[in-house]
Amino acid sequence: MKRIIIFFLSIFPLWLNGQSKFTISGYITDSANGERLAGATVYNKSTGKGAAANAYGFFSLTEKEGLCNLSFRFVGFREYTVNLELKNDTFINIPLQKGIEIEEIEINAQRQVRGNPELSILNRQQVDMQMVESAPVILGEHDVLKTLQFMPGIKQGAENTAGYNVRGGSADQNLILLDGVPVYNVNHLMVFFSVFNTDAIKSAELIKGGIPARYGGRLSSVLDVTMKEGNLKESRGIFSISPVAGRITYESPIKMDTSAFIISLRRTFLDLPMVAFQKLNGDNYNFGYYFYDLNAKANWKFNPENRLYLSFYTGTDKLFHNTKESKKDKSSYNYSWGNFTTVLRWNKMFSPKLFSNLALYYSRFNHRQTGKTKSDDLHTLFKTMTLLDDISFKADFDYYFQPQYTLRFGAKASHLIFNPNIIQLKSKNSDVSFNEENRSNAKQVEMYLENAFSFGWLALNLGSRVSGYFTGEKSYIHFQPRLAANLYFSPSFSASASFTQMTQNMHLLTNSSLGMPTDLWVASTDKIGPQLSKQITVGLTYEPAPNYIFGIEGYYKIMNHVIRFDEGVAFLNPKESGWEENVLVGDGKAFGVEFLAEKQKGRLTGIFSYTLSRSERKFNELNQGNWFPFKYDRLHDISVLAEYRLNKRYNTSRSISVGFTLQSGNNLSMPDTEIEGMLLPGTDFAEHPIPWQKKRFTYSNPNNLKIPAFHHLDIGYNITKQKTDSKSITWSFSVYNVYNRMNPWYYYKNQSGQVKQVSVFPIIPSVAFKYVF
């Protein structure tokens, strides 16, 4: 009955009728480059009503006939005012100029207009790209995902890694979108850097609670990253270099004010000096490692109602080793992994109140190992391949009934192809493949509906998502209700609550939980069903002034059908049986309290966050069916990220940034039980004294060792000289781990049974250079 009531409310929205009303609609853009400003605000001073632009800079405001005094604003831009006599539906384009930072427009005495007002500050967090660029970093590489880890409830997988866990979930439970396309592996250099090139990124937003119905497919969070669109006004470029990589970005109009493109390339050069040295040394081999990213995007404005976008991303990590003894005796080994995504999007304004976004996209993750040997006439090939292909079409619609009510609805159809760990052995007389039975296809259909209300004292989002997943002979249908609400007791004080039910039809098989390239995406099957979660949140927010935000929020989340490998299983070995026989299915739960203090404007800006939390797992086959700590269960997590801007002199601006992290340590499964081993059939111990055949080591319960807390302090200094209006030079100096804390990265037992600590990151200074032209 409850589901029927919720679905009834979702399907039959409230119609808010008025008399003699007309709609003002249009786009809010940056006057310098034509980029649309998502989240910019419009406020009618005559009536006190306002609205926020959607993700594509489109706004719609319905008002009574008569005089309208409109104010358009966006943080970091000058106010733009328009006075008009509203007699019919009106379309206008609003160009905003950059200038002195101003407070966002205030409505109802103090409260700000903002997108998704029903979501609390802690549930929906904007990643400030300026903070990303100024934050102290390791080896000069600024990273969106590492800046994100300073937010409450978001924990890094291990020290200085790009992978992250949200509110007790695992890394694969985060939906990461690039221009609306899911990216299935976001790590470079194993796990130390992410695939996101900050020079090509326009904005990033994380939602971890009260997730709107328009998002689905993962259990824990949504990270929505948007690429820059390309400059419609003039040609611009960026060149930057760090100890790890070099980047070049160029954007330019194709036709002034009508079409533009941007292209951005990043590549490491770790392999270049190594290969050069090997050649100069006359070695008969060469080896090395590199990664690269290529982002490109173009857009065309056909008329005010239609705009087309085409974007793609490709990135690859490659480890290689080649040996050449002679023309007839040589070998090569290549180990590579990477992503490819592309999307064609069409923005269509059907009417002043109805906006749509249609998208056709393709996303691929591939992981390959190839070994070739040639000796005289003997040729041998060893090859492993893992592929995931996602082909989808989706349609999203926004209908603005009234300033107080927006209806969002849409659908998505996907075809998924899974080829996990296909192994091929080929020689002159044989060609054998393993794991062919693990190939599978799946189809997925999803529909959603959202009702977003804003009554001044109450902001409410009531929605639902229905997903159908079809694989083999099994069909999984799930109804996922969503509710998010903000109740404003005063312009500066509010209470929030949310309920989110999510379904994840994919699983990530991993031995490391670090997001390594060897991790394998597999589909739900007839035997292994989708993962499920339910989360509730309750919180309070206090904004004593537009610059300051204080928030506290508690959450409780339960997860069903989470999986992990059975003890002692390594998926990289050929199997006669499918992967389903080698995994365990269980449950998870997580709960905690998060606190956030943030200062958004002024010379000193920054955030302080603290999280007190627990995360546990339970599998009937492990630990006698009792709950045990999740690997990344951390009781305490304290983070500080701040920037102080010094006085500007002679067209030169300077800033000092500080980052500090203190977290409870991870959990490891450390062997504490010794079991006598058994020789393999037909093996003579005297001839093959292999230690692991004599003794086996295991543990009484999983994650039985708590690593000590880790902490580090990082500082940065940035100096930017503005040479002309369009040219600038920036030097960024950073010191990672200032006081040289040797944090434990891993522990292991040596042959004598002693527990040894492995530390990876001592104090590391670095410098980076950036030239904007």
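The side chains of Lys527 and Glu581 meet in a salt bridge, at 2.7 Å from N to O; the term denotes a side-chain nitrogen of Lys or Arg within 4 Å of a carboxyl oxygen of Asp or Glu. Lys527 lies in the loop between β34 (520–523) and β35 (531–545), and Glu581, 54 residues apart from it, in the loop between β36 (548–565) and β37. Helices (H or I, at least four residues) and strands (E, at least two) are DSSP runs, numbered from the N terminus. The model is predicted: local features need pLDDT of at least 70, side-chain atom pairs count only at pLDDT 80 or more, and totals for chains, interfaces and linings use all residues. Residues are numbered from 1 along each chain as its sequence is written, and side-chain values use heavy atoms, with hydrogens and water left out.

**Accessibility of the paired residues**
- Lys527 is exposed, at 60% relative accessible area, whereas Glu581 is partly exposed, at 40%.
- Buried means under 20% relative accessible area, exposed over 50%, and partly exposed in between (1.4 Å probe, protein chains only).

**Other salt bridges**
- The structure holds 26 salt bridges.
- Glu594 pairs with Arg167, the closest N and O atoms being 2.8 Å apart.
- This pair links strand β37 (residues 583–599), which holds Glu594, to the loop between β12 (164–166) and β13 (174–178), which holds Arg167, 427 residues apart.
- Both Glu594 and Arg167 are buried.
- A further salt bridge joins Lys770 and Glu133 (3.7 Å, N to O).
- Lys770 lies in strand β50 (residues 764–772) and Glu133 in helix α2 (residues 129–134), so this pair ties together parts 637 residues apart in sequence.
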